[in-house]
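Student: I have a model open and would like to go through its contacts. Can we start with the charged pairs?

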Amino acid sequence: MDDLSELKISPANEDDVDFAWPLYRELIKNVLFEKSSDAPEWDEDRERSNFETQWSDTSNYAISLDGQLIGWISSTEDAHATTLENMFITPEFQDRGIGLMLFKQLAQKWRKEKRKIVVPVLMLSQHGKRLQELVAAEGFVASGDAAEVSKMESNW
């Protein structure tokens with residue numbers, strides 16, 4: 001594994017939207033709109049507007065390694081749970097254990113706060129099944145079985 005000692009998570013700012021949008025667009029367009037049989041036709045303006053609304057409604061964090069942006073995370077909270085809404089890593093930094101390491105750090109933090117954690121897993125993505133297995137190995141259980149999104153919840 002790469003040296004991840006310079007891996008940092010920091011609150012995202014409005015400038016990070018332009019970094020985050022292409023990562024989100026690639027996954028949503030390629031997975032949901034091309035693999036889902038009941039998805040509407042892709043509309044770039046509509047999806048960008050949906051993304052910007054989602055961005056403004058969540059807590060967003062930039063992921064950087066050696067000062068270079070390599071991904072982003074978004075989450076929401078209510079009185080009972082924290083939901084890890086999105087975690088995107090740029091393709092050139094995927095499959096290095098970065099996402100799993102960050103997930104473990106966040107889960108540990110939220111576990112200490114005694115918060116229930118919800119992780120929706122997009123099963124249509126190339127990493128969906130593997131992600132579901134990794135999250136389950138951390139003590140999460142599926143709280144529903146859906147073909148497109150599997151909701152995994154903390155079991156503590």
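Tutor: Start with Arg25 and Glu44, which form a salt bridge with the closest N and O atoms 3.1 Å apart. A salt bridge here is a side-chain nitrogen of Lys or Arg within 4 Å of a carboxyl oxygen of Asp or Glu. The pair links distant parts of the chain, 19 residues apart, with Arg25 in helix H1 and Glu44 in helix H2. Helices (H or I, at least four residues) and strands (E, at least two) are DSSP runs, numbered from the N terminus.

Student: What kind of model is this, and how are residues numbered?

Tutor: This is a predicted model, in which local features need pLDDT of at least 70, side-chain atom pairs count only at pLDDT 80 or more, and totals for chains, interfaces and linings use all residues. Residues are numbered from 1 along each chain as its sequence is written, and side-chain values use heavy atoms, with hydrogens and water left out.

Student: Back to that pair. What is the relative accessible area of Arg25, and of Glu44?

Tutor: Arg25 has 27% and is partly exposed; Glu44, at 31%, is partly exposed. The cut-offs are under 20% relative accessible area for buried, over 50% for exposed, and partly exposed in between (1.4 Å probe, protein chains only).

Student: How many salt bridges does the structure hold?

Tutor: The structure holds 9. One of them joins Arg48 to Asp18, the closest N and O atoms being 3.2 Å apart. Arg48 lies in helix H2 (residues 44-57) and Asp18 in helix H1 (residues 17-35), so this pair ties together parts that are 30 residues apart in sequence.

Student: Is Asp18 buried or exposed?

Tutor: Asp18 is exposed, with a relative accessible area of 54%. Arg48 is partly exposed at 21%. Asp18 and Arg48 also belong to a salt-bridge network with Glu52.

Student: And Lys116, what does its side chain meet?

Tutor: Lys116 meets Glu153 in a salt bridge (3.1 Å, N to O). Glu153 is in strand S7 (residues 149-154) and Lys116 in strand S5 (residues 116-122), 37 residues apart. Glu153 is buried, with a relative accessible area of 18%, while Lys116 counts as partly exposed at 35%.

Student: Change of topic: strands. In which sense do S1 and S2 pair?

Tutor: Strand S1 (residues 7-11) and S2 pair in the antiparallel sense over 5 bridges. Two strands pair if DSSP finds at least two bridges between them. Ser10 has Ala62 in S2 as its bridge partner. Strand S2 (residues 59-65) is mostly covered, with 5 of its 7 residues buried.

Student: What about S2 and S3?

Tutor: S2 and strand S3 (residues 68-77) pair in the antiparallel sense over 7 bridges. Asn60 stands opposite Ser74 in S3. The hairpin of S2 and S3 has 2 residues between the strands, and Asp66 there takes a positive phi near 55°.

Student: Last topic. Which residues touch the most other members in the largest nonpolar core?

Tutor: Leu7, Ile98, Val119 and Phe140 do, in a core of 21 residues. A nonpolar core is a set of buried Ala, Val, Leu, Ile, Met, Phe, Trp, Tyr and Cys residues joined through side-chain atoms within 4.5 Å. S2, S3, strand S4 (81-89), helix H3 (98-112) and S5 each supply at least two residues of this core. H3 gives the most, with 6 residues.

Student: Which residues does the second core include?

Tutor: That separate core of 11 residues includes Ala20, Trp42, Trp55 and Trp72.
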